[in-house]
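Colleague: I've got a new model open and want to get my bearings. Walk me through it, please.

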Amino acid sequence: MLEIGGLLKEGKGKRLYATNDPDTCVVYFKDEAMAFHGLKRGRILGKGEVNNAVCKHIFEMLTEKGVENHFIRQLDARQSLVKRVEIVPFAVKVRNIVAGSLARRIGYPIGTKLDTTVLECVLRSAEDGDDPLVNTTHILAMKLATEEEVNQMLAMARRVNEILVSYMREINIEVIDFKLEFGRYHGKIILADEITPDTARFWDARTHEPLDIDRFRRDLGNVEQAYQEVLHRMMGEE
């Protein structure tokens with residue numbers, strides 16, 4: 001029988017709890033929201049329940065498509081049981097359309113479709129700091145992962161993007177960009193963390209309006225409704 005133990009870690013949008021099985025933990029999705037390195041904080045009512053349901057839907061879809069990930073099962077509206085992984089200390093950002101920091105760095109207008117998908121590796125930093133860009137030589141020099149692991153992560157990122165873009169197109173959502181985190185589980189690299197409107201830019205394909213955390217960042221209003229809209233479309237309730 002599953003027993004939930006003490007708090008392992010708390011981040012911007014989630015808490016992780018130990019269980020009586022050393023191979024698993026419980027993720028609890030919060031309503032709290034944060035932007036601009038913690039300078040802006042607030043609550044998005046119902047966000048935790050939406051993100052938990054979105055993760056279940058996406059991770060189960062990825063499992064069916066052969067992308068191994070940490071999701072085991074949903075426990076209730078805000079909690080899911082996941083594999084307890086050793087998180088790799090850098091993330092992969094997948095970019096299909098110019099937005100956010102990429103627009104500032106390369107000078108392309110927001111909304112420009114990239115000819116090829118851009119993959120960026122970024123160090124996982126404290127919540128009040130930037131995520132520095134690193135390349136494979138940095139990663140190997142810092143001994144954050146082996147070259148084989150880096151190649152596995154990049155290949156998985158491309159595959160996730162392919163699946164996600166194809167699926168979201170069917171429900172009239174553009175996948176602008178998103179961040180992926182990976183973990184080691186019994187020595188194997190698997191997808192971990194979350195894929196939600198907190199960690200991805202999702203735009204309505206017809207209006208190009210954000211359906212994600214950017215509505216909170218930029219004070220665009222209707223934040224709760226945007227999160228709910230993503231879930232409703234996934235559930236076929238548009």
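**A chat about the model**

Colleague: Which residues is T112 in contact with, leaving aside its neighbours within four places in sequence?
Modeller: T112 is in contact with I97 and V98, once those neighbours are set aside. Contact here means heavy atoms within 4.5 Å.

Colleague: What should I know about how the values were made?
Modeller: This is a predicted model, so local features need pLDDT of at least 70, side-chain atom pairs count only at pLDDT 80 or more, and totals for chains, interfaces and linings use all residues. Residues are numbered from 1 along each chain as its sequence is written, and side-chain values use heavy atoms, with hydrogens and water left out.

Colleague: OK, back to T112. Where is it found?
Modeller: T112 is in the loop between helix 2 (100-106) and strand 10 (113-123). Helices (H or I, at least four residues) and strands (E, at least two) are DSSP runs, numbered from the N terminus.

Colleague: Why does T112 count as partly exposed?
Modeller: Because its relative accessibility is 23%. Buried means under 20% relative accessible area, exposed over 50%, and partly exposed is in between (1.4 Å probe, protein chains only).

Colleague: Switching topic: how do helix 1 and helix 6 cross?
Modeller: The axes of helix 1 (residues 47-64) and helix 6 (residues 223-234) come within 10 Å and cross at roughly 30 degrees. Axes are lines fitted to C-alpha atoms, for helices over the stretch in contact, and angles run from 0 to 180 degrees between N-to-C directions.

Colleague: Left-handed or right-handed?
Modeller: The crossing of helix 1 and helix 6 is left-handed. That term applies if the near helix is turned anticlockwise from the far one by less than a right angle, with right-handed for clockwise.

Colleague: Which residues make the contact?
Modeller: Helix 1 brings K47, V50, N51, A53, V54, H57 and I58, and helix 6 brings Y227, Q228, L231 and M234. By class, there are seven nonpolar, three polar and one charged residues in the contact of helix 1 with helix 6. Nonpolar covers Ala, Val, Leu, Ile, Met, Phe, Trp, Tyr, Cys and Pro; charged covers Asp, Glu, Lys and Arg; the others, Gly among them, count as polar.

Colleague: And which residues of helix 1 are buried?
Modeller: Among them are K47, V50, N51, A53, V54 and I58.

Colleague: What about the core? Which residues touch the most other members?
Modeller: In the largest nonpolar core, which has 57 residues, those are L62, F90, M168, L180, F182, L191 and F202. Its largest share, ten residues, comes from helix 4 (residues 147-170). A nonpolar core is a set of buried Ala, Val, Leu, Ile, Met, Phe, Trp, Tyr and Cys residues joined through side-chain atoms within 4.5 Å. In soluble globular proteins, nonpolar side chains tend to be buried together.

Colleague: What is F90 in contact with?
Modeller: Beyond its neighbours within four places in sequence, F90 is in contact with residues including C121, L123, R124, V150 and M153. Of these, V150 and M153 are buried in helix 4.

Colleague: How far does helix 4 reach?
Modeller: Its 24 residues reach 35 Å from first C-alpha to last, close to the 34 Å expected at 1.5 Å a residue. The expected span is 1.5 Å times one less than the number of residues.
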